[in-house]
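Visitor: I would like to learn how to read a few features of a protein model. Please take them one at a time.

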Amino acid sequence: MFVAVLVASNTIGALPLIIAYVVKAASDLSVISAIADNPNDLSVLGLDTNLGLLLMLFPFIAGLASFVLLVKPLNNRTLTITVNGTSTFRWNRFFISGLVWMLISVIYLFICLKIDPLNFTLNNPAAVTLIILTLISLIFIPFQAAFEEVLFRGYLMQGLAVLFRNRWLPVIITSLLFGLMHAFNPEVKDFGFFTMMPQYILFGLIFGIITILDDGIEAAMGVHTANNIFLCIMVTHESSALQTSSIYEQHTIYPWSEFAALLASGILIILVLSIIFNWKNIPVLIGRI
């Protein structure tokens, strides 16, 4: 399953982007070297940033679709069983968690703007561009987040829990794999593998702990979706994997400060959600299955 969805996302899902590359390279051979230097920089194709974002998100949609199609014949399971072991999707978990993380993100950005205002530029994108960006983000980023959460915190975490008969080891292993999946992001190239990996792994740990405590991936999916929507619409930087016409552009990135902020935000979101959802099962994180 794991191999099948990755193959689907990187072949069928990548077709629109590959076609765009080939068409552009046919008229300008210098594009080939530019693409080789940074495959995530779609500016070399002369594409609108919103169209570029859509092309970047399409592989995740293909990956999720392939999972939905294959989970029954390969594993005799359904998508909702992979989500939470039941036959229903808890939408309240998804939306509440997303709103809480969005609020935390807005507060963090406000603090950064107050502390270091010269590190941010207000892009002031055209209204039409911003509306289209918002629509693309709201419609398609949930599929991107759903694909990663279903695969890592749903499918793999469930399988590893059966194998190891505990929960903490699957959380750690899937977080490491989640980090490695982002190893080719442009941030890693610019700031270094051992500088950026802790952030991606920490994100995986936060999502994993939320999944275990809520006994399903809806809350983690909500946080993941809200995080990526916020980054697409509100703030970007030149090393970001998702280049968009966001409202703000950050000039200088301080990876370890960002790591500390993410750690604090992760602890905060877990505490807040534990109150909202009345989590009282924290000991299950280290208990045997």
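Guide: We will go through a helix, the cysteines and the aromatic rings.

Guide: This is a predicted model, where local features need pLDDT of at least 70, side-chain atom pairs count only at pLDDT 80 or more, and totals for chains, interfaces and linings use all residues. Residues are numbered from 1 along each chain as its sequence is written, and side-chain values use heavy atoms, with hydrogens and water left out.

Visitor: How many residues does helix α7 have, and what span does it reach?

Guide: Helices are DSSP runs of H or I, at least four residues, and strands are runs of E, at least two, numbered from the N terminus. The expected span is 1.5 Å times one less than the number of residues. Helix α7 covers residues 127-164, 38 residues. From first C-alpha to last it reaches 52 Å, close to the expected 56 Å.

Visitor: Where does α7 bend?

Guide: A bend is the angle between axes fitted to the seven residues ending at a residue and the seven starting there. In α7 the bend is about 35°, at Phe 140. Pro 142 follows within four residues. Just after the helix, Arg 165 has a positive phi of about 60°.

Visitor: How many disulfides does the structure hold?

Guide: A disulfide is a covalent bond between the sulfur atoms of two cysteines. The cut-off here is a pair of cysteine sulfur atoms within 2.5 Å. The structure holds zero. For Cys 112, the nearest cysteine sulfur is that of Cys 232, 18 Å away.

Visitor: Is Cys 232 buried or exposed?

Guide: Buried means under 20% relative accessible area, exposed over 50%, and partly exposed in between (1.4 Å probe, protein chains only). Cys 232 is buried, at 1%. Cys 112 is buried too, at 18%.

Visitor: How many aromatic pairs are there?

Guide: A ring pair is described by the distance of the centres and the angle of the planes. Rings of Phe, Tyr and Trp (its six-membered ring) pair with centres within 6.5 Å; planes under 30 degrees apart are stacked, over 60 edge-to-face, the rest tilted. The structure holds 15 pairs. One of them joins Phe 152 and Phe 178, edge-to-face, at 5.7 Å and 85°. Phe 152 is in α7 and Phe 178 in α8 (residues 168-181), 26 residues apart. Phe 152 is buried at 2%, and Phe 178 at 3%.

Visitor: Which charge lies over the face of Phe 178?

Guide: A charge sits over a ring if NZ of Lys or CZ of Arg is within 6 Å of the ring centre and within 35 degrees of the ring normal. Over Phe 178 it is Arg 153, 4.4 Å from the ring centre. Arg 93 sits over Phe 277, at 4.2 Å.
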